[in-house]
Amino acid sequence: MKEIFGVKRVEYEGAAGKNPFAFKFYDADRMIMGKPMKEHLPFAMAWWHGLCAEGVDMFGAGTADKSFGAQKGTMAHAKAKADAGFMCMQRLGIGYFCFHDADLAAEAADIKETNRRLDEITDYILVKMRETGIKCLWGTANMFSHPRYCNGAGSSNSADVFAFAAAQVKKALDLTVKLGGKGYVFWGGREGYETLLNTDVRFEQENIASLMRMAVDYGRKIGFTGDFYIEPKPKEPMKHQYDFDAATAIGFLRQYGLDKDFKLNIEANHATLAGHTFEHDLRISAVNGMLGSIDANQGDPLLGWDTDEFPFDVYSATMCMYEVLRAGGLTGGFNFDSKTRRPSYTYEDMLAGFILGMDTFALGLIHAARLIEDGRLDGFLNERYASFNSGIGRKIREGKTDLSELAQYAERLGAPEMPGSGKQERLQSIVNQILFGK
Ligand code: XUL
Ligand code: CO
């Protein structure tokens, strides 16, 4: 394939550089807290947004040409996309990719032919993986675009649709194992409902869990040793989605005994749609031992939908990396489930989007490490809960007291003093100092 990006390799040129096709902050080998940046930040390209998304929106056709010189829907096109994808990842030094089955090759009229196409394209991709050393972060099945999934996949009212979804999951797992993927994702795009008037919620949730259980059983049988992930999202396309946020997904996984095999894939824009910050959902996942992987994008606070922008919010990236570092890193990676804006339709724009996102996360990592090394935030946290280190506080923590003893203690006390200022403004000022001080 001929060069489409017009640059051989995007290199690190430093913060003062003016070259638009150079990293300003992502310096792959720079050591941060004892590890090179590239190990802290295993970046992945999302096949769908990178190679398939043409900028279509509710009001207009695509603006970007993702034919890559081939006729769309053909196997030649599937291969041209793979060529372009590997070229893009190589230019940027991105080590992983993520895919839906439907991203790799066009769906055929029957599943046998679809699967044959998927076998052919993954053979092709495997060769490119061996040539380049690029790996697969995770795979998944698209069980939300086709009209058959209008009522969901695992949550469909139709047993035949459920069976078809199961067949897709089985194949997507085969492909994930074939490509050596580290994870397998369930994003329940249409696993939810529009109105309770036509919905049996318990029935649907049981069926989703049983599809996931079957996926675990099959995956383990064929040698998949990685993590399964739920990617929570509260709404869009459905009005109510069952995997609302991290806490809801964790409750679901525990209820159905899936928590040993599953972790979470947290997407920034999904967390904000749920009314949380990105870092909230990361923290909830981490404290429950379920922080697996990240879909790195950002939303727009002025818009109420999933805009999937390349991340440029350094403050949010810092808070994200603060959570990731404190959690000891990810077992997965940072998948750019991000796309360029509709008016940014050139291949150069595509490269620029990744450069922006990678630089943003590099800055986040640098700042988060400084926040940890600075120690003032942690110091404050230790101090804040210090009343639990001894005396009655310690007894509470160790479960060695009860309501009667605590009531006697309270009577002796008369009234507790104020609990101590939260000092939020001082802490926020520390963050700004770390971000912008020299
Ligand atoms: C949709 C979304 C998906 C998942 C994979 O909002 O994020 O692309 O990441 O199915
Ligand atoms: Co996503």
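Trainee: In which loop does Lys423 lie, and what is its phi?

Mentor: The model is a predicted one. Lys423 lies in the loop between helix H15 (403–413) and helix H16 (424–436), and with a relative accessible area of 26% it is partly exposed. Most residues other than glycine have a negative phi. Lys423 is not a glycine, yet its phi is positive, at about 50°.

Trainee: Where is Met33, and is it buried or exposed, or partly exposed?

Mentor: Met33 belongs to the loop between strand E3 (31–32) and strand E4 (35–36). Its phi is also a positive value, near 45°, in a residue other than glycine. Buried requires under 20% relative accessible area and exposed over 50%. Because its relative accessibility is 39%, Met33 counts as partly exposed.

Trainee: What separates the C-alpha atoms of Val287 and Ala327?

Mentor: Val287 has its place in helix H10 (residues 278–287) and is exposed, with a relative accessible area of 60%. Along the chain, Val287 and Ala327 are 40 residues apart. The separation of their C-alpha atoms is 8.1 Å.

Trainee: How are the rings of Phe97 and Phe99 arranged?

Mentor: Rings pair if their centres lie within 6.5 Å, and by this rule the count comes to 23 aromatic pairs. The centres of Phe97 and Phe99 are 6.4 Å apart and their planes are at 45°, so the pair is tilted. Both Phe97 and Phe99 are buried. The arrangement asked for is therefore tilted.

Trainee: What parts does the pair of Phe144 and Trp187 tie together, and how far apart are they in sequence?

Mentor: The ring centres of Phe144 and Trp187 are 4.7 Å apart with planes at 75°, so this pair is edge-to-face. Phe144 lies in the loop between strand E7 (135–140) and helix H6 (159–178), and Trp187 in the loop between strand E8 (183–186) and strand E9 (192–193). The pair therefore ties together parts whose separation in sequence is 43 residues.

Trainee: Which residue does the side chain of Asn142 join by a polar contact?

Mentor: Asn142 is found in the loop between E7 and H6. At 12% relative accessibility, Asn142 counts as buried. A polar contact of 2.9 Å joins its side chain to that of Ser145.

Trainee: Over which ring does the charged end of Arg148 sit?

Mentor: The distance from the charged end to the ring centre is 4.0 Å. The ring in question is that of Phe164.

Trainee: How much of the accessible area of ligand 1 does the protein cover?

Mentor: The residues around ligand 1 include Phe144, Trp187, Lys233 and His270, and the shell divides into three nonpolar, two polar and six charged residues. Polar side-chain atoms lie 3.2 Å from an oxygen atom of ligand 1 in Trp48 and 2.7 Å in Glu231, while an N or O atom in the side chain of Asp295 is 2.9 Å from an oxygen atom of the ligand. On its own, ligand 1 has 290 Å² of accessible area, and the protein covers 94%.

Technical notes: Residues numbered from 1 in each chain as written. Chains lettered and ligands numbered in written order. Predicted model: local features only at pLDDT ≥ 70, side-chain atom pairs only at ≥ 80, totals over all residues. Heavy atoms only, no water. Phe/Tyr/Trp six-rings, centres within 6.5 Å; stacked < 30°, edge-to-face > 60°. Buried < 20%, exposed > 50% of the residue type's maximum accessible area, 1.4 Å probe, protein only. Helix = DSSP H or I, 4+ residues; strand = E, 2+ residues; numbered from the N terminus. Lys NZ or Arg CZ within 6 Å of the ring centre and 35° of its normal. Near = heavy atom within 4 Å. Polar contact = N/O pair within 3.5 Å; in protein donor to acceptor, adjacent residues only side chain to side chain. Areas by Shrake-Rupley, 256 points an atom, 1.4 Å probe, with all protein chains shown as cover. Nonpolar A, V, L, I, M, F, W, Y, C, P; charged D, E, K, R; others polar.
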